[in-house]
Amino acid sequence: MIEQHLPILQIIVPLIAAPLCVLLRHAKLVTGFAILACWVTFGLAVLLLDQVVTTGVVTYELGGWAAPWGIEYRVDALSAFVLLFVSGIGAIVMSYAPRSMASEIAEHRRYLFCATYLLCLTGLLGIAITGDLFNLFVFLEISALSSYTLIALGGKRQALPAAFQYLVMGTIGATFILIGIGLMYMMTGTLNMADMASRLELADGVRTTLVAFGFLSVGISLKMALFPLHLWLPNAYAFAPSVVTAFLAATATKVSVYILLRFVFSVFGIGFAFETMPLDAILMPLALIGIFVASTVAIFQSDIKRMLAYSSVAQIGYMVLGISFASITGLTGGIVHMFNHALMKGGLFLAMGCIVLRLGSVEIDDMRGIGRRMPFTMAAWVVGGLGLIGVPVTVGFISKWYLIQAALERNWWPVAVLVLMSSLLALVYVWRVVEVAYFKEPSERASAASEAPLSMLIPTWVLIGATLFFGLSTSASAGVARRAAGLLLGGSP
Amino acid sequence: MNTVLGLYNYWIVIFLMMTGFYIVISRENLIKKVIGLNIFQTSVFLMYITIGKVRGGTAPIVSEEFTLYTNPLPSVLILTAIVVGVATTAVALALVVRIYEAYETIQEYEIQEQDPLP
């Protein structure tokens with residue numbers, strides 16, 4: 001009985017838990033409740049992935065209305081994979097939140113934080129699960145509106161203009177997506193993705209479809225912070241509370257990459273997107289320029305949270321690069337990097353949260369000598385940093401391995417060389433922090449600091465440990481990613 | 001009726017869309033930006049309604065007298081989109097209030113002067 005309703009439970013649990021948080025109000029009670037809700041959501045995602053692996057695509061008709069008329073939830077290997085890591089990170093970050101919130105968010109706002117966090121999680125999961133385009137837009141806005149609110153909770157006043165800037169850009173992006181969906185509806189008379197894919201007549205290149213494709217590409221690129229549409233991201237991530245940064249950096253942009261995958265491969269089809277329309281020829285240079293520009297900017301940041309935010313922009317470049325190869329290896333690399341980057345950045349930002357708690361600062365000067373005072377936190381940071389560089393044994397290596405292989409398959413060796421060179425830039429910005437943290441005399445703040453509490457260290461190390469685990473045993477993550485890539489390239493979902 | 005004038009609804013949509021977009025880009029006042037964003041979103045609502053309209057069609061009521069009726073789905077979708085738009089405006093205005101409390105101005109360049117965001 002329950003197996004049948006897994007797809008809807010996946011959304012309903014966090015969605016109902018959010019208003020319950022507001023009703024409960026009591027800060028401690030709400031936090032415990034939110035943690036429970038997040039872990040239940042994660043458990044459901046595990047069951048759902050299991051179901052998808054054994055029985056194939058799982059569909060669910062909302063309210064019993066059959067597919068093209070009613071809203072359909074459709075879980076294939078890619079959706080299940082995204083659901084799994086988004087809910088997993090949601091649960092781990094929420095377990096980390098109580099201690100971190102205590103120092104960063106006022107007590108009377110904590111229950112609101114939990115409610116908004118759960119809403120954001122609902123939106124992100126909804127995007128991944130739905131098979132209906134308008135439903136996707138609604139979930140996109142649920143997650144976006146709640147993330148603006150979460151960012152505005154940041155301690156410094158700069159968080160407010162940063163959130164406003166994100167709101168303006170995010171709304172423009174979402175409205176572009178809405179225009180695209182409207183034009184697509186105009187051409188096909190349906191909102192169901194699979195139905196639309198079969199009705200879309202692409203051969204004669206009707207102008208409405210071309211315009212829809214343009215609006216969707218720009219809108220989604222804005223949402224996933226593809227260079228040069230990334231301007232909202234560094235400020236938003238730098239000034240948000242640590243918990244929020246860790247959660248959004250690990251999930252929000254990845255889900256936007258998922259939307260791109262869905263539109264390009266499941267709705268329009270690869271022939272239209274990459275042959276009729278030169279999307280790959282646009283995405284690849286933007287991805288490569290993005291990797292280099294953002295990594296270089298990251299090197300010159302003194303605020304380490306902002307440095308990691310710029311590094312996120314660069315990492316989005318790797319994912320998009322993988323997609324633009326349009327081959328099974330490239331796509332596997334792109335999809336697996338979504339997962340890998342979620343683990344690495346989630347872990348790194350959680351480590352930054354520990355540093356904020358003990359040091360009260362994220363400036364590189366204040367981090368002098370911190371390696372000796374907070375050995376476990378900094379060790380986690382270093383492992384995460386090695387992942388960003390792409391050192392073997394970490395997950396970053398797996399992603400880069402697939403990307404370079406995909407480039408060589410196509411005989412585009414300059415791209416392979418550029419990917420390798422970009423790792424050197426990552427080495428520079430990671431090394432800056434390592435050098436300061438381990439080889440400098442402790443700063444005033446650092447000598448007063450002590451190791452972060454276990455309630456924060458454990459979630460941090462769970463994510464960082466996962467980057468090592470999936471770096472060694474690639475069959476789980478890369479296997480599912482390859483399966484998803486095969487599904488995307490094999491035609492409609 | 002597929003002449004330039006026959007499609008006047010779409011011209012209005014494009015005009016409103018560009019007006020809203022221009023306001024968002026060019027205005028320094030945060031409230032004006034929010035207004036621009038609203039105009040931009042409203043143009044999309046109009047576009048959806050236009051898509052659903054059938055010339056000479058009535059409201060979708062089951063009756064033997066009427067055979068031609070307007071597609072109700074876009075209107076329903078837009079009800080949802082309007083709610084989303086209202087929510088966005090509410091969050092935006094709440095942020096503007098908080099920004100005013102923190103900076104005592106809602107001009108973008110004056111905020112920049114107080115707190116240069118790199």
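The model is predicted: local features need pLDDT of at least 70, side-chain atom pairs count only at pLDDT 80 or more, and totals for chains, interfaces and linings use all residues. Residues are numbered from 1 along each chain as its sequence is written, while chains are lettered from A and ligands numbered from 1 in the order in which they are written.

**Select chain A.** You will find 21 helices and two strands (DSSP runs numbered from the N terminus: H or I of at least four residues for helices, E of at least two for strands). Along its principal axes, the C-alpha trace spans about 70 × 55 × 40 Å. Of the 493 residues in chain A, 63% are buried, that is, with 20 or more other C-beta atoms within 10 Å of their own, the C-beta atoms being placed from the backbone.

**Next, pick residues 159-188 and 207-223 of chain A.** These are helix 6 and helix 8, packed at an angle of about 155 degrees with their axes 8 Å apart. Axes here are lines fitted to C-alpha atoms over the stretch in contact, and angles run from 0 to 180 degrees between N-to-C directions. That angle makes helix 6 of chain A roughly antiparallel to helix 8 of chain A (over 145 degrees).

**Finally, bring in chain B.** Here 25 residues of chain B are in contact with 24 residues of chain A, contact being C-beta atoms, placed from the backbone, within 7 Å. On the side of chain B that touches chain A, helix 2 (30-52) and helix 3 (72-103) of chain B each supply at least two residues. Color helix 3 of chain B: its twelve residues are the largest share of that side.

Key
Angles under 35 degrees count as roughly parallel, over 145 as roughly antiparallel, 65 to 115 as roughly perpendicular and the rest as oblique. Two residues are in contact if their C-beta atoms, placed from the backbone, lie within 7 Å. A residue is buried if 20 or more other C-beta atoms lie within 10 Å of its own, exposed if 12 or fewer, and partly exposed in between; C-beta atoms are placed from the backbone.
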